[in-house]
Amino acid sequence: MTADRTRFARRLFAGIAPQYERMGAVLSFGQDARWRRFLVSRSNAIPGARVLDVAAGTQLVSRELAAGRNVRVVALDQSEPMLRAGSEPNRLAGLDDQIQPLLGHAERLPFGDGTFDAVSFTYLLRYVDDPAATVGELARVLRTGGSIAMLEFSVPNGSFARVGWWIQTRVVMRLLGTAVSPAWARTAAFLGPNISRFVARHPLESWVRWFQEAGIGHVRTRSFLFGSAVVLWGVKS
């Protein structure tokens, strides 16, 4: 059965797929490419390895992995419009043979244990009912010694940075979203409060614990843009 949270995410992303990459760059002040590059740099996959990219969306991270690491990527996402929006960029980059788009859910992966040499996922855990169980499922399909890395939005700790983040997520993003389309207006209104609620309920220490409880060791984190985004990574013990 598909959870309400999953159905909501599917509707949300279906409406913003065509402008997703451009708007992601604008709303992150052009920093999203830097975050993705760092995420990919945490992978220990060697050329020819098989990598699973979950919540792949338009496959920005998948392309970064395929081109930079010379690996084969299964790009899994629950949104067909998002995956479809990445097909032309994949073709233009000459990466069609290395990236396999696949519809699916992170909570129920259609793969056997230890199938992949590395796993990555972006902006996923806010859209699942049980983040800890989802991390466990992602770790299940990772081989022993393989790396797993995630990118997620967060809330800055410093008071000055937090005020700036609040203005950005509650005012600036809403104005920009409204100017683009009704779908982006809804997304912009949703995103800031959603991040705040998630971080209040699940602080960074919880994210680290989810990895550790899933059998991931050497867990490390790095924050970006005053703590607005976090990359967390580790290796399966």
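Strands S6 and S7 form a hairpin in this predicted model. Four residues lie between the two strands. In the turn, leucine 225 adopts a positive phi of about 50°. S6 covers residues 216-224 and runs antiparallel to S7. Seven bridges join the pair. Within this pairing, serine 223 has valine 230 of S7 as its bridge partner.

S7 also pairs with strand S5, residues 142-153. This pairing is antiparallel and again comprises seven bridges. Here leucine 151 stands opposite valine 231 of S7. Strand S7 spans residues 229-236, and seven of its eight residues are buried. The strand is therefore largely enclosed by the rest of the structure. In a regular strand, side chains alternate between the two faces of the sheet.

The largest nonpolar core contains 70 residues. Phe121 and Phe211 are among the five members that touch the most others; Leu52, Leu124 and Leu125 complete that group. Helix H9, residues 182-201, supplies the largest share of this core, with eight residues. In soluble globular proteins, nonpolar side chains tend to be buried together.

Serine 43 occupies the loop between helix H3 (32-41) and strand S1 (50-54). Its relative accessibility is 10%, below the 20% cut-off, so serine 43 counts as buried. The serine 43 side chain reaches the backbone nitrogen of alanine 45 at 3.2 Å. Leaving aside neighbours within four places in sequence, serine 43 contacts Leu65, Arg69, Ala118 and Ser147.

Leu65 is in turn a buried residue of helix H4, residues 60-69. Leu60, Val61, Ser62, Arg63 and Ala66 of H4 are buried as well. Asparagine 70 follows the helix and has a positive phi, near 55°.

The C-alpha trace spans about 45 × 40 × 35 Å along its principal axes. Buried residues account for 51% of the 237. Among contacts between residues at least 6 apart in sequence, 70% join residues at least 24 apart. The chain exposes about 10,900 Å², of which carbon and sulfur atoms supply 56%.

Key
Residues numbered from 1 in each chain as written. Predicted model: local features only at pLDDT ≥ 70, side-chain atom pairs only at ≥ 80, totals over all residues. Heavy atoms only, no water. Buried < 20%, exposed > 50% of the residue type's maximum accessible area, 1.4 Å probe, protein only. Polar contact = N/O pair within 3.5 Å; in protein donor to acceptor, adjacent residues only side chain to side chain. Contact = heavy atoms within 4.5 Å. Pairing = 2+ DSSP bridges. Core = buried A, V, L, I, M, F, W, Y, C linked by side-chain atoms within 4.5 Å. Areas by Shrake-Rupley, 256 points an atom, 1.4 Å probe, with all protein chains shown as cover.
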